[in-house]
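Notes below, in the order I looked things up.

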Amino acid sequence: MKKILLLIGILFFCNTSHAEKYPNSWKMEIECKDRGNKWWEASYVVEVVDNKFSVSFDEKWNWMKDIVFEGTIEKNKVTIKQTFKHFEHSGEGRGFYKGKIKDNNAKLKGYRKFKDWDTISCKGNFFKVDQLPMFASLEYLDNASREIIEFTSYNPVSFINIINKTYLNSPAKISGELILPPNGNNIPVVVVIHSSGGPSEFTNVSQWTWRNGFNNELLKNNIGIFQIDSFTGRGVEDTHEDQSTVSMHAGEMDAFQALKLLEDHPRVDATRLGITGLSRGGIASYQATERKFVEAVLGADRYFKASLPMAIDCYMRFEQPLMTPTKTLFLLGSDDDYTPPEGCINWVNDVKATQGDEVDVEVLVKEGWVHDFYGDYPITTCDSCVVFNNEACQAFLPNGLVFNNKGLPAKDMENFMLETKGQKTYDELIEIFSSPDATWGNAWEYYYEIYKTLYLSCASKGPKIGGDHAQETIDIAVPFFVEALK
């Protein structure tokens with residue numbers, strides 16, 4: 001195996017090695033169970049003041065609103081009361097949880113109930129943490145300027161569709177929010193591409209610590225953020241259940257158009273742009289460094305200065321990848337069974353074998369981390385998530401969805417289509433991909449047939465997600481961009 005600079009991160013760290021930044025922060029984790037179904041009713045950091053704490057927000061799930069948790073600590077006992085309302089039914093639901101604190105940790109037991117429905121049992125923990133409290137005031141983010149910008153992007157069908165520029169036949173109107181320090185010019189900006197969860201990722205309470213903490217720290221270092229909404233303008237909320245509703249190449253195309261847009265912004269230094277994202281957003285972040293794509297869309301001398309792809313497997317790739325001079329750090333989890341890190345390690349090996357010292361790329365694999373590692377909740381199972389990058393599927397496509405230098409499906413995919421009965425022919429696939437009239441609407445069915453065959457033959461479900469590593473991710477991501485964009 002070719003050598004690569006592989007940095008292994010340690011999951012646990014010693015709290016005594018640094019001063020406590022948030023001396024009154026406690027984490028409230030409450031898991032409920034009903035008829036075999038489990039979910040996290042609460043996973044929030046609260047600030048305890050005068051032995052009291054509270055957290056409230058408008059909604060967490062589609063059917064809940066006006067959710068409030070209020071707690072008190074008396075001697076060594078913690079009591080938590082919850083209220084909530086239903087979107088479609090009148091009345092108020094209630095929850096009650098309590099525990100005994102020992103060594104800054106309490107085991108919680110209790111229940112949740114709505115009107116005449118069955119009582120649901122719950123359990124959890126209440127423990128001391130050195131983390132930012134939920135909904136805490138953030139000086140730099142609170143004082144930032146915000147601007148919603150609409151712009152034109154495109155819906156590329158496949159690799160060839162980008163290289164031969166036929167993507168120009170399928171425009172799409174999308175938007176992004178540019179967040180800048182209140183004053184100053186020549187400001188570097190990090191472009192953020194969301195995951196399959198869509199733009200709700202920028203406001204979702206389960207990612208509050210990462211999103212707001214990351215943005216606040218970038219602004220503190222005089223770096224702006226451009227959060228792109230890739231889905232709303234394309235008529236989609238999310239792609240969890242059907243990835244075919246939005247082109248898998250929409251993310252990097254949106255990023256390229258954002259770079260062009262920011263070049264004309266009077267306060268932005270477009271020669272110092274970064275890009276990041278997790279999962280689908282991570283795919284866009286690493287493919288935005290592919291030289292063949294960049295030269296086709298932007299030209300030879302325009303590219304992102306830094307890229308931080310997170311939680312991806314590099315499953316969709318060129319046989320012979322070539323990178324722009326982009327300082328790149330892959331942030332991956334060693335236990336990610338949704339997008340295992342080995343594929344990206346191999347991709348970086350291939351890049352280094354071809355370009356050597358020409359590229360500045362590293363891989364950081366965090367021990368014990370799983371997919372969606374910066375979510376503010378403990379590791380849980382995503383029952384609806386479909387896994388293709390497993391041992392069984394690799395028997396069909398051992399290197400993933402691989403394309404040759406022309407942007408056409410490579411030999412493994414050709415063999416897969418020829419050997420799989422009922423598939424469209426390889427020639428038909430090439431014809432639709434190469435057509436000047438190619439659109440995602442008339443090409444996705446070919447991807448769907450590959451998806452369907454793999455799904456029926458080898459796919460599995462139930463990868464692990466979460467892990468509550470938001471602050472650790474911030475501590476990696478912010479210094480990376482500060483150094484790379486200076």
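Predicted model: local features only at pLDDT ≥ 70, side-chain atom pairs only at ≥ 80, totals over all residues.

I started with salt bridges and got a count of 18.

I looked up E92 and R94 and found their side chains joined in a salt bridge, 3.0 Å from N to O. E92 has 36% relative accessibility, so I put it down as partly exposed. R94, at 49%, also goes down as partly exposed, since exposed would need over 50%.

Next I checked E201 with R211: a salt bridge again, with the closest N and O atoms 2.8 Å apart. E201 sits in the loop between β12 and α3, while R211 is in helix α3, 10 residues apart. Buried or exposed, I wondered, for E201 and R211? Both are buried.

Then I went to R302 and E263, whose closest N and O atoms are 2.7 Å apart in a salt bridge. R302 is in the loop between α6 and β15 and E263 is in helix α4, so this pair ties together parts 39 residues apart in sequence. I have R302 as partly exposed at 28%, and E263 as partly exposed at 35%.

I also noted a salt-bridge network linking K27, E29 and D468.

For positive surface, I found a patch formed by K33, K38, K107, K109 and K123. Of these I followed up K38, which lies in strand β3 and is exposed at 55% relative accessibility.

Last, I looked at helix α7, residues 342-355, which spans 20 Å between its first and last C-alpha. Its buried residues include W347, V348 and V351. Just after α7, I see G356 with a positive phi of about 55°.

How values were computed
Residues numbered from 1 in each chain as written. Heavy atoms only, no water. Patch = residues over 30% accessible without salt bridge, like charges linked within 9 Å, V, L, I, M, F, W, Y side chains within 5 Å. Areas by Shrake-Rupley, 256 points an atom, 1.4 Å probe, with all protein chains shown as cover. Salt bridge = Lys/Arg side-chain N within 4 Å of Asp/Glu carboxyl O. Lys, Arg positive; Asp, Glu negative; His and termini not counted. Charge placed at Lys NZ, Arg CZ, Asp CG, Glu CD. Helix = DSSP H or I, 4+ residues; strand = E, 2+ residues; numbered from the N terminus. Buried < 20%, exposed > 50% of the residue type's maximum accessible area, 1.4 Å probe, protein only. Expected span 1.5 Å × (residues − 1).
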